[in-house]
Amino acid sequence: MKKKVVSITPLPIHRDSRTRKQVISIEQAGYDSWVLAGDELIAASALDDQSNKGKPASQTNGNLEKHKNRKTFLPLDVVLRGMRFLKRWVWGTYASLPNADLYILHANVQFLPVWMRAKVAGAPFIYDAHDFYSELQNEDNSSLGRKVARIMFELEKWGVGKATQVWTVSNGLARLLKKSFGVDALVLRNCHDLRSDAGSVPAIRDEFGLGEDVFLVALIGNCKNDQDVKSFVSALKESGE
């Protein structure tokens, strides 16, 4: 019987190309490979080209304004958000995870349920740090923001200590992980997946009606709550002027 490997990411699989490529590669290496993406458990064999396509830019622009207009939350809001976090990313993840021979975690928010499930299954787990999340989650300088950032730092420190092995994407991130958590991370670099080229989303110039004479700079990635994408885009625009 094939050994079962389950990868875990909080993102929809079309927004996490690194995890997707790993899941498919693990299957090609002869393992029974699955991914828990958000709350959806997907077999590697079900990941076709469609799962690697993101939304066109026009469908994601609203996120910038939504993140810009975030407000400070009252104590009740904080409690409710904390309860939703526990329900989805702790108990929800734990309940959705099957027993496996190996787990590969791709985000620090799910350390606890993955560790719990791995203990039940008697299996090791690997932490693949796509970024230095403790630093990203330290952008809010309010009293509550600092407390949350500290909790997330301690959670990541604890999880790194429990992981059988830690992976990351670059030598720079490996040095940060070593400095912060004392761990020697294995560097597995990202690479382009040629399978994602065919039938991609509309070209950016076509999407926005831009001619070939327009000098265009594109930022590749996701618009996340803890990244000030709008300021970066504004700076690029000003530098071009």
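## Sheet, helices and salt bridges

Helix α7 (residues 171-181) lies across strands β5 (125-129), β6 (165-168) and β7, running at about 140 degrees to β6. Helices and strands here are DSSP runs (H or I with at least four residues for helices, E with at least two for strands), numbered from the N terminus. Lying across is judged by contact, with heavy atoms within 4.5 Å. For the angle, axes are lines fitted to C-alpha atoms, for helices over the stretch in contact, and values run from 0 to 180 degrees between N-to-C directions.

A quick word on where this comes from: this is a predicted model, in which local features need pLDDT of at least 70 and side-chain atom pairs count only at pLDDT 80 or more, while totals for chains, interfaces and linings use all residues. Residues are numbered from 1 along each chain as its sequence is written, and side-chain values use heavy atoms, with hydrogens and water left out.

Back to α7. Its buried residues include L173, A174, L177 and F181; buried means under 20% relative accessible area, exposed over 50%, and partly exposed in between (1.4 Å probe, protein chains only). These four cover an arc of only 105 degrees around the axis, which puts them on the same side of α7. The arc is taken from the directions from the helix axis to the C-beta atoms. On the face turned away from that buried side you'll find R175 and K179, both exposed. Just after α7, G182 takes a positive phi of about 70 degrees.

Now for the sheet itself. It is open, has 7 strands in the order β3-β2-β1-β4-β5-β6-β7, and its pairing is mixed. Two strands count as paired if DSSP finds at least two bridges between them. β3 (40-43) and β7 (186-187) stand at the edges with a single partner strand each, so one side of each has no neighbour in the sheet. Strand β2 (residues 32-37) runs antiparallel to β3, and 4 bridges join the two. Across that pair, V35 stands opposite I42 in β3.

Next up is helix α6 (residues 143-162). Its 20 residues should span 28 Å at 1.5 Å a residue, and the end C-alpha atoms are 29 Å apart, which agrees. The expected span is 1.5 Å times one less than the number of residues. Buried in α6 are G145, A149, M152, F153, E156, G159 and V160. Seen down the axis, they fall within an arc of 135 degrees, so they line one face of α6. The face turned away from them carries K147, I151 and G161, which are exposed.

What about salt bridges? The whole structure has 4 of them, a salt bridge being a side-chain nitrogen of Lys or Arg within 4 Å of a carboxyl oxygen of Asp or Glu. Here are some:

| Pair | Closest N and O atoms |
|---|---|
| D128 and R18 | 2.9 Å |
| R150 and E154 | 2.7 Å |
| D184 and K178 | 3.1 Å |

R150 and E154 both sit in α6, 4 residues apart, about one turn of the helix. E154 is partly exposed, at 32% relative accessibility. In the remaining pair listed, D184 is exposed at 62%, whereas K178 is partly exposed at 41%.
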